[in-house]
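Have a look at the structure first.

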Amino acid sequence: MIADAPPVKGCFYSSGLQVRSADFVFRETSKGVVYYLQSLGPTQLLVDDTLLTGHDIDCHPEGFGSPVGLLRGCDTCLADFSTAELEQLGVSIDSEVQLEFESGVRVCGRVQNITRHTGKNVLISFSQCRVEDARGKLLFDPAWGLYDMAVGRNVIQG
């Protein structure tokens, strides 16, 4: 007997990015605020129910993980930064960046692409990227390939 495939679930970043997978792990602060979303198994990334080119289950066969929230010291979400504001922050194609979120998650890598939709940044892709939580736990290793970072102040299950 062949088992049924698990139902596909979805999570939505405030930027409009949708993450579809069978299961999720939500890393939360002691106050219950989600600071990192991790999907388990094949995952798709979409905007307005349309698959982003190159972000199907072949791209994310083992899952997808990304921080949630604001950068340390910023009142504005990365999703709402203009291209000029991103550049002032040092986030531009081929730049080496170190981003630290309020939660303590650190993303260090070289920017390869910035995906925008309806005036919002929804995804920033990095090469040579290392991601760690506030305690130094490795969340993404450069050896794993390209790191796609979703952008959003918060995330909800849908």
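Q: What makes Asp48 count as exposed?
A: Asp48 has a relative accessible area of 54%. Exposed means over 50%, buried means under 20%, and partly exposed is in between (1.4 Å probe, protein chains only). The 54% of Asp48 is therefore in the exposed class. A word on the source: this is a predicted model, where local features need pLDDT of at least 70, side-chain atom pairs count only at pLDDT 80 or more, and totals for chains, interfaces and linings use all residues. Residues are numbered from 1 along each chain as its sequence is written, and side-chain values use heavy atoms, with hydrogens and water left out.

Q: Where is Asp48, and what is its phi?
A: Asp48 is placed in the loop between strand S5 (44–47) and S6. Its phi is positive, about 55°, although Asp48 is not a glycine. Most residues other than glycine have a negative phi.

Q: How do you know whether Asp94 is exposed or partly exposed?
A: Asp94 has 48% relative accessibility, so it counts as partly exposed. Asp94 also has a positive phi, about 75°, without being a glycine. Its place is the loop between helix H1 (83–89) and S8.

Q: What makes a stretch a helix or a strand, and how many of each are there?
A: Both are DSSP runs, numbered from the N terminus: helices are H or I with at least four residues, strands are E with at least two. By that rule the protein has 1 helix and 13 strands. Along the sequence they follow the pattern β-β-β-β-β-β-β-α-β-β-β-β-β-β.

Q: What makes Leu45 buried?
A: Leu45 has 0% relative accessibility, so it counts as buried. Leu45 is in strand S5. A contact means heavy atoms within 4.5 Å. Leaving aside neighbours within four places in sequence, the contacts of Leu45 include Leu17, Val19, Leu51, Phe64 and Leu123.

Q: How do you know whether Ala79 is buried or exposed?
A: The relative accessible area of Ala79 is 2%, so Ala79 is buried. It sits in the loop between S7 and H1. Beyond its neighbours within four places in sequence, Ala79 is in contact with Ser15, Gly119, Lys120, Asn121 and Val151. In the whole protein, buried residues make up 44% of the 158 residues.

Q: What makes a group of residues a nonpolar core?
A: It is a set of buried Ala, Val, Leu, Ile, Met, Phe, Trp, Tyr and Cys residues joined through side-chain atoms within 4.5 Å. The largest one here has 26 residues, and those with the most contacts inside it include Leu78, Leu99 and Phe126. S10 supplies the largest share of this core, 4 residues. Apart from it lies another core of 15 residues, among them Cys11, Val19, Val68 and Val155.

Q: What makes S1 and S13 a pair?
A: Strand S1 (residues 9–13) and S13 share 3 bridges in the antiparallel sense, and at least two are needed for a pair. Tyr13 has Val155 as its bridge partner in S13.

Q: What makes S3 and S4 a pair?
A: S3 and S4 pair over 6 bridges, again in the antiparallel sense. Val25 has Gln38 as its bridge partner in S4. These strands belong to an open sheet of 3 strands, in the order S3-S4-S7.
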